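Let us walk through this model together, from the overall fold to the place where the chains meet. Please keep the viewer open as you read.

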Amino acid sequence: MKTSVVKLLFRPFEYVSEYKALTIGIVAIALSGLLNVFSGTHFDGVLDVHFGDSKSYSYLFMLEGVINWISFAVLLFVAGKIFSSSSIRFIDVFGTIAMARWPLFIVSVFSLLIPHQAVDEFIMAKALNVNAPVTIEMYEIILFIVLTLVMILVTVWVIILMYRAYSVSCNLKGAKGVWSFIVALLIAEVLSKYFIYLLA
Amino acid sequence: MEKKLPLQCPSCESKLKVKKLHCSSCETEVDGIYDMPPLASFTMEEQEFILNFIKASGSLKEMATIMDRSYPSVRNHLDGIIEKVKQLEKSKKK
């Protein structure tokens, strides 16, 4: 039982793929975007999570998740076509990569539930070297640390899931799989940030 | 307990060959050196996969349902077996 739960959390693509994975992924991306509108959390890059901007247009929060997913999935599909000897299917790569991003929904929930606006404004004021418009309490700092820890853990989890998604959908393992994944991730990070910048 | 057909020599790990065949009905014995059939080179799990794959008329989608696995993981399993067949053919040619 324990093994199967761990497998479902870290190796779900041995069991789920195609349209089922795609549906789970798209629903998670859409719900995350919706929650982010209210919490002012940006997923402005394949691996980026930033708090503290509720002034952006609502559509931007919704599109960020889609841009991050598609830009990385396209690059992994191309990498798979180049490096894998298996016959790769579009639906497997796009479906599993979409689903691999579902844990970011947890960050969206935490970001909505944990009040962090005061700390955001405080940090921003310090960064700009101006007088902070608000004072922050100790409990707010602790909650912000909790939120940051959740964000870091979820980001690591998402990277593991995205690698597993790539490995299963493109049948790539070992050094070839790891290096092509890292290169695609770095390019996707730059591309997604650029596309989001164009929309902002 | 189901007996497993040994494929490798426990001493030097070379591939084993068939030395003797026995008819349990009339007690006839055939002595000689015969190569193992290619299918015997696969593990029991792989042999089971191959048989199910034939029964499923080569449909990976049906295999995914039978094995309760995703389509790409079944395809990867098949690709692993194909790779093994290629290696066997290569080693046979040498």
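The paragraphs below take up one chain, then the interface, then a single residue.

This is a predicted model, in which local features need pLDDT of at least 70 and side-chain atom pairs count only at pLDDT 80 or more, while totals for chains, interfaces and linings use all residues. Residues are numbered from 1 along each chain as its sequence is written, chains are lettered from A in the order in which they are written, and side-chain values use heavy atoms, with hydrogens and water left out.

Start with chain A, which has 8 helices and 0 strands; these elements are DSSP runs, helices being H or I of at least four residues and strands E of at least two, numbered from the N terminus. Its C-alpha trace spans about 60 × 45 × 30 Å along the principal axes. Of the 200 residues in chain A, 48% are buried, meaning under 20% relative accessible area with a 1.4 Å probe, protein chains only.

Now turn to the interface. Here 16 residues of chain A are in contact with 10 residues of chain B, contact being heavy atoms within 4.5 Å. The two chains bury about 960 Å² between them, with 43% of it on carbon and sulfur atoms; this is the accessible area (1.4 Å probe) lost on putting the two parts together, summed over both. On the chain A side, A:Glu14, A:Tyr15 and A:Val168 lose the most area to chain B, together 37% of what that side buries. The rule finds 1 salt bridge across this interface, a side-chain nitrogen of Lys or Arg within 4 Å of a carboxyl oxygen of Asp or Glu. B:Lys61 and A:Glu18 form a salt bridge through their side chains, at 2.9 Å from N to O. Helix α7 (residues 138-170) of chain A supplies the largest share of the side touching chain B, 4 residues.

Finally, look at B:Glu46, found in helix α1 (residues 44-55) of chain B. B:Glu46 counts as buried because its relative accessibility is 15%. Leaving aside residues up to four places away in sequence, B:Glu46 touches B:Ile81 and B:Lys84. The C-alpha atoms of B:Glu46 and B:Ile81 are 7.3 Å apart, although 35 residues separate them along the chain.

Conventions: Buried means under 20% relative accessible area, exposed over 50%, partly exposed in between (1.4 Å probe, protein chains only).
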